[in-house]
Amino acid sequence: MIEIDRDRLNFLINKKDYHILFVNSPFCGTCKVARNMLLYIEETLEKEKFYEINAILVPEFMQKYQIMSVPCLIVFNEGEPIDRIYTFYSVPYILKEMGPYLI
């Protein structure tokens with residue numbers, strides 16, 4: 001998982017291809033479980049597929065894109081959020097929901 005900061009966030013969002021951003025908080029237990037699931041997916045795919053940002057450091061981003069809670073997995077393409085999930089039921093569920101963007 002590639003951790004990014006506020007400056008790199010704006011650059012990443014506006015790129016032309018799909019990018020999957022994991023928005024979390026270091027104080028959130030559910031975020032830690034979700035992060036472990038995403039790391040497992042990356043290990044299985046043998047490639048880093050997710051970007052990670054701390055929600056506490058980007059409140060304006062949270063408000064602009066109406067991210068209601070963490071953890072949140074949000075897909076961007078050309079500056080627009082096109083898909084998101086807030087519930088991390090299981091690894092198969094994440095793969096089913098995010099599969100088209102992971103290829």
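This is a predicted model: local features need pLDDT of at least 70, side-chain atom pairs count only at pLDDT 80 or more; totals for chains, interfaces and linings use all residues.

Residues are numbered from 1 along each chain as its sequence is written, and side-chain values use heavy atoms, with hydrogens and water left out.

**Salt bridges**

Select Arg6 and Glu60 to begin. Their closest N and O atoms are 3.5 Å apart. This pair links distant parts of the chain: Arg6 sits in helix 1 (residues 6-13) and Glu60 in helix 3 (residues 59-64), 54 residues apart. Helices here are DSSP runs of H or I with at least four residues, strands are runs of E with at least two, and both are numbered from the N terminus.

Now jump to Glu52 and Arg35, a salt bridge with its closest N and O atoms 2.8 Å apart. Glu52 belongs to strand 3 (residues 50-54) and Arg35 to helix 2 (residues 29-45), so this pair ties together parts 17 residues apart in sequence. Is Glu52 buried or exposed? Glu52 is buried, with a relative accessible area of 7%, while Arg35 counts as partly exposed at 29%.

Finish this stop with Glu97 and Lys96, whose closest N and O atoms are 3.1 Å apart in their salt bridge. Glu97 counts as partly exposed at 24% relative accessibility; Lys96, at 61%, counts as exposed.

Most residues other than glycine have a negative phi, and most peptide bonds are trans. With that in mind, show the backbone from Val70 to Pro71: the peptide bond there is cis, with omega near 0 degrees. You'll find Pro71 in the loop between helix 3 and strand 4 (72-77).

Stay in that loop, between helix 3 and strand 4, and pick Gln66. Gln66 has a positive phi of about 50 degrees although it is not a glycine, and it counts as exposed at 55% relative accessibility.

Next, go to the loop between helix 2 and strand 3, where Glu46 lies. Glu46 is another non-glycine residue with a positive phi, about 55 degrees, and it is exposed, with a relative accessible area of 72%.

**A nonpolar patch**

Select Phe27, Ile56 and Leu57 together: they make a nonpolar surface patch of about 380 Å². Patches are made of residues with over 30% relative accessible area and no salt bridge, joining like charges within 9 Å and nonpolar side chains (Val, Leu, Ile, Met, Phe, Trp, Tyr) within 5 Å. The accessible areas come from the Shrake-Rupley method with a 1.4 Å probe, and for residues only the protein chains shown count as cover.

Zoom in on Phe27, in the loop between strand 2 (19-24) and helix 2. Phe27 is exposed, with a relative accessible area of 74%.

**Aromatic rings**

The structure holds six aromatic pairs. Rings of Phe, Tyr and Trp (its six-membered ring) pair if their centres lie within 6.5 Å; planes under 30 degrees apart count as stacked, over 60 as edge-to-face and the rest as tilted.

Among them are Tyr18 and Tyr101, a tilted pair at 5.2 Å centre to centre with 55 degrees between the planes. Tyr18 lies in the loop between helix 1 and strand 2 and Tyr101 in helix 4 (residues 91-102), so the pair ties together parts 83 residues apart in sequence. Tyr18 counts as partly exposed at 42% relative accessibility, and Tyr101 as buried at 18%.

Then select Phe22 and Phe88, an edge-to-face pair: 6.0 Å centre to centre, 75 degrees between the planes. Phe22 is in strand 2 and Phe88 in the loop between strand 5 (80-85) and helix 4, 66 residues apart. Phe22 counts as buried at 0% relative accessibility, and Phe88 is buried at 12%.

For the last stop, select Phe61, Tyr65 and Phe76, which form one aromatic cluster.

Notes: A salt bridge is a side-chain nitrogen of Lys or Arg within 4 Å of a carboxyl oxygen of Asp or Glu. Buried means under 20% relative accessible area, exposed over 50%, partly exposed in between (1.4 Å probe, protein chains only).
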